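Hi everyone, thanks for making time. Let me put the structure up, and then we can walk through it together.

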Amino acid sequence: MRIKVDDLKIEFSRYSFELLQSDLKRLDSKYQFEKAICVAALKRDKEFIILKGEYQITLNAPCDYCFSSTQVVLDEEFELDLMPEKSRPEDSSDVEISIKSRDVEYYQGFEISLADYFEDQIILDLPMSVICSETCQGVCQQCGINRNISSCECEEQNLNNPFKVLKDLNLTD
């Protein structure tokens, strides 16, 4: 969804829209979904724009341990300050950012593509690893069987694990 900057008012204007899989170009292809339901509220003060967004999306992805399909549900909110590209500091490597700094993005031209900002937020909100359950046992390293479904007769292989010496440490004092 594209919004013309000149159409924005001093008070918040609300926009509801959906994003489809084909709308998100940078999302890893392992994540599949039907649609993302998005709501954006925008207001403008001269060239400065505040974007308050919220979205709900259910993604299907393989578990990182056992490769079974699992769902990742995101129901998130965010707020961004949008400024024109011409106001970007020339040498942005020297800009100091604190924990209290607001998130600032830059826009070019006279239109804002809401899909781009929502895609960025969805990617930022994804978990570092997708796991089907806290008790997932993964796959056997030797035969590849999903150990959540059945067991195998493979021997536990002692690979060169640098942490195996920690197993024998007596930490009680």
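Before the details, one term: a residue is buried under 20% relative accessible area, exposed over 50%, and partly exposed in between, with a 1.4 Å probe and protein chains only. On that scale Phe-118, at 0% relative accessibility, counts as buried.

Some ground rules. This is a predicted model, where local features need pLDDT of at least 70, side-chain atom pairs count only at pLDDT 80 or more, and totals for chains, interfaces and linings use all residues. Residues are numbered from 1 along each chain as its sequence is written, and side-chain values use heavy atoms, with hydrogens and water left out.

Now, how many aromatic pairs does the structure hold? Two. Rings of Phe, Tyr and Trp (its six-membered ring) pair if their centres lie within 6.5 Å; planes under 30 degrees apart are stacked, over 60 edge-to-face, and the rest tilted. Phe-17 and Phe-118 have ring centres 5.2 Å apart and planes at 85°, so this pair is edge-to-face. Phe-17 sits in strand E2 (residues 13-20) and Phe-118 in helix H1 (residues 114-125), so the pair ties together parts 101 residues apart in sequence. Helices (H or I, at least four residues) and strands (E, at least two) are DSSP runs, numbered from the N terminus.

Phe-78 and Phe-118 are also edge-to-face, at 5.0 Å centre to centre and 75° between the planes. Here Phe-78 in strand E5 (residues 69-84) is linked to H1, 40 residues apart. Phe-78 is buried too, with a relative accessible area of 10%. Thanks, all!
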